Amino acid sequence: MATKFLSPNKKGVMDNWREKITRPISISPLITFRIIFGALMLFSTVRFWANGWIDSLYVKPQIYFTYMGFEWVKPLGDTGMHLLFLIMGLSAIGIMLGLLYRFSAILFFLSFTYVELIDVTNYLNHYYFVSIVAFLLILLPAGRCKSVDIWFSPQRKITHVPLWIVGVIRLQMAIVYFYAGLAKLTPEWMLEAIPMKIWLPAKSHLPLVGPLMYKAWVAYLFSWFGAAYDLLIPFFLINRKTRNSGFLAVLAFHICTAIFFPAIGMFPYVMMLSSLIFFSSSFHDKLLGVHRRVSFPSKLLPAIQAKFLSVVLTVYFFIQIVVPLRFLLYPGHLFWYEEGYRFSWRVMLMEKSGNTFFYVKESKTGKTFEVDNSKYLTPQQEKMMSTQPDMIIRYAHFLKAEYQKKGIKDPKIYAEGFVALNGLRSQPFIDPNIDLASQQLSFGHVQWILPFYKDSK
Amino acid sequence: MNKKILFGFVISAIAIIFACSKKSTPGDEPVVNSFDKGAMLINYADNLIIPAYSDLQTQLNTLNTAVNGFLTNPTAANQQMLKPVFKAAYLSFERVSFSQLGPAETALLNNFLNTLPAMTNDDSNLAKIESSIKSGSYDLQATATVNQQGFPALDYLLFASDAVTKLNDAGNANRKKYIQDVMARMQSLTSGVLTNWKNTYRGQFIANTKSDAGSPIGYMVNQFAYEMDQLKGPRIGWPYGKQSAGAVFETKLEGYYSGISLSLAIENLTNLKILYVGGSSGNGLSAYLLALKKDQLNSDIIRYFDNAIAKLKAIPEPLANSLTNNKPAVDAAYKDIQILLTALKTDMASALSVRITYTDNDGD
């Protein structure tokens, strides 16, 4: 299994594993993946543009909620943002065709990630997935065969790579699935079928299955099947014997999610097509029309490059495995505080919404100004901000600066927030007596969020 | 073989679920009731939305006749005769204000008929109206002129303290023509929307039982939130000085010049409650919540509606005076409006799985 390259240099069994994962295999799975990924990203970019989202998400808003440490990431204006998306689209073509491959991969990674870093509002797990896969593609030799680059300089062609090179993508996908499955193992998801019970009745318009959407057992079926699928699918796909049925399950699962939750957009298609990476190299050889001699491979990945990659990727995967677990360091209900929630493959896990009233108080005079959020935020930003503590702090800081500009001396920012989580009634979310502008963003536990009460029906 | 393993796993998972759910809740697990969303939408279309537009059309015709009568002989006495007719039409608009979807959205009906906050004495839109009247050249079709027409413009042109004087001034022909043009535009927009509802949109509306962004249910839930935001903001809160540290801007009230602001607010909220319960048949979002076993939420929402309406009614007329002279009454209403707003915008939207956003971007 691909994971094992993480712990090399042990005697016996380990040596065996080492031998197995360094065994040269056809580069074809990587090539298919590159082509599919490039094509999907090209399509995504065009779709994003055509839907007018560049404008509505990155040009129209007045303020942007940046990530901690990435405050320097700013939208580039109307022309700039469209140019950035043009670069993104062109570099996706570059990846797909293997044209200036490494340069294209770097350009795609940077442009895509830059866009994602502009506003936390638009955080999606599958955007994060795209970013890290793009990063991996920079490192992997996916442009060294069946590409424009090789057509121009055939001497750089590689036909075979160690198994673990292909394993990198497989491992990354396995991590996504497995963590998504672990995240579902909560009493609410498994024992109460929440939030499926809340979401499914809104899908009763569907033909044939519509009336079933009101049945509790259907909600349980969705919850349990979802959890089992995420936890088990990597193993089904890795194992040659179960691979075909596993892939059928991938298709079934993601087609279902696309039908039931169309709002998740490209995600099902990205996952369905990416899962092809689990198929054998002979499958991919056939797919790409490659006829390789079964004899000893002639063009191997240079050993020094392989060595370098193995070190970088070991560090990379260590981070990938640790980051989703950081929520364990925080006290309190994870869904309530959302500390360690992002970048953890928690996909469609909770029903949470809220609304917040902000008050700007001038310290000396005690004059209070209520804020019209819609004046500064898009509806989507307001919705996201109302349930996510770090965004609330950012907004409070913005308001402080804004009202200082209006001539209010030493403004303090107070807020009343109400949040409904997983079908419970809304509860007060923010301590109304705390000046939010005085709070700083940090990785520490927030002190000004009021406690969550489960039994407040 | 492998398919069998997978299949076996699913089957056993289901079995375990049933075993577990039986154990944890003996007897009757509250299964959500089926609900006929199509029937609910038919009720909204046929008994609430379309009749409200028909009524507005009738009221505007009546108002048109009355306005023409007043313009022929603009006296203070005739102005007083005109006021109840104007009020009736404006109240009728409050009953379609909610239905800002489909044809109304396309025609920007609400924007052209009642953009809030209404213009004030120091508003540039008021100056623009006056200069349009002077020059006699203006284009009421242009979206840039939404602030210079509709009910707020009529309110000013017919009922401002110097309205009668100005209508008797030299050059009053232009002024009268402007009023008639505003009137005609309101009538044509309204009948256009009504016709569109009857002929085409009704079919689409009742056939679309989705809850996503842009669907009728999605839109309606968003409109409850929007109307509450409007009530809390431009209808009451902003004129009351909530945004301005208590500095009152009573001239920003809806229907300020005719002095009917409070009636308009009460009508708006009362009608919102009727829409929530689904009118006399009761087949509205309220019934949908009940089907989802949200009985407590439903009865709370109805109670919050009643509280807020009662508190509004307890404010002495005219509202413009009470904003300064009866602050406790206004505060009490404001507080209850905020409670109702949260229940509709957060609790109801969440329970119905509708997102409060007009954008249709991806989510997960």
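Start at the hairpin of β3(A) and β4(A). Five residues lie between its two strands. One residue here, A:Gly366, takes a positive phi near 75°. This is a predicted model, and the angle is read from its coordinates.

Now look at the two strands themselves. β3(A) and β4(A) run antiparallel, and three bridges join them. To see the pairing residue by residue, find A:Val360: its bridge partner in β4(A) is A:Phe369.

What joins strand β3 of chain A to strand β5 of chain A? Eleven bridges do, linking residues 352-362 of β3 to residues 411-421 of β5. These strands also run antiparallel.

Next, step back to the whole sheet. Four strands of chain A form an open sheet, in the order β4-β3-β5-β6. The pairing is antiparallel. Strands of a sheet pair through backbone hydrogen bonds, either parallel or antiparallel. Which strands of chain A sit at the edges? They are β4 (368-370) and β6 (427-428), and each pairs on one side only.

Helices pack on this sheet too. One comes from chain A itself: helix α19, residues 389-405, touches β3, β4 and β5 of chain A. Its direction makes about 150° with that of β5(A). Another comes from chain B.

How many helices and strands does chain B have? It has 15 helices and zero strands. The chain has 364 residues, and 46% of them are buried. Now consider the contacts in chain B with a separation of 6 or more. Residues 24 or more positions apart account for 77% of these.

One helix of chain B deserves a separate look. Helix α9, residues 172-207, has 36 residues. From its first C-alpha to its last it reaches 50 Å, close to the 52 Å expected at 1.5 Å a residue. Yet α9(B) bends by about 65° at B:Tyr201.

Finally, how far can you trust the picture of chain A? Chain A averages a pLDDT of 93, and 95% of its residues score at least 70. Over residues 1-10 of chain A, though, the pLDDT is below 50. Beyond near neighbours in sequence, that stretch has 16 contacts in the model. Where pLDDT is low, the predicted coordinates should not be read in detail.

Definitions and conventions:
Residues are numbered from 1 along each chain as its sequence is written. Chains are lettered from A and ligands numbered from 1 in the order in which they are written. This is a predicted model: local features need pLDDT of at least 70, side-chain atom pairs count only at pLDDT 80 or more; totals for chains, interfaces and linings use all residues. pLDDT is the predictor's confidence in each residue, from 0 to 100. Two residues are in contact if their C-beta atoms, placed from the backbone, lie within 7 Å. A residue is buried if 20 or more other C-beta atoms lie within 10 Å of its own, exposed if 12 or fewer, and partly exposed in between; C-beta atoms are placed from the backbone. The expected span of a helix is 1.5 Å times one less than its number of residues. The bend at a residue is the angle between axes fitted to the seven residues ending there and the seven starting there. Two strands pair if DSSP finds at least two bridges between them. Axes are lines fitted to C-alpha atoms, for helices over the stretch in contact, and angles run from 0 to 180 degrees between N-to-C directions.
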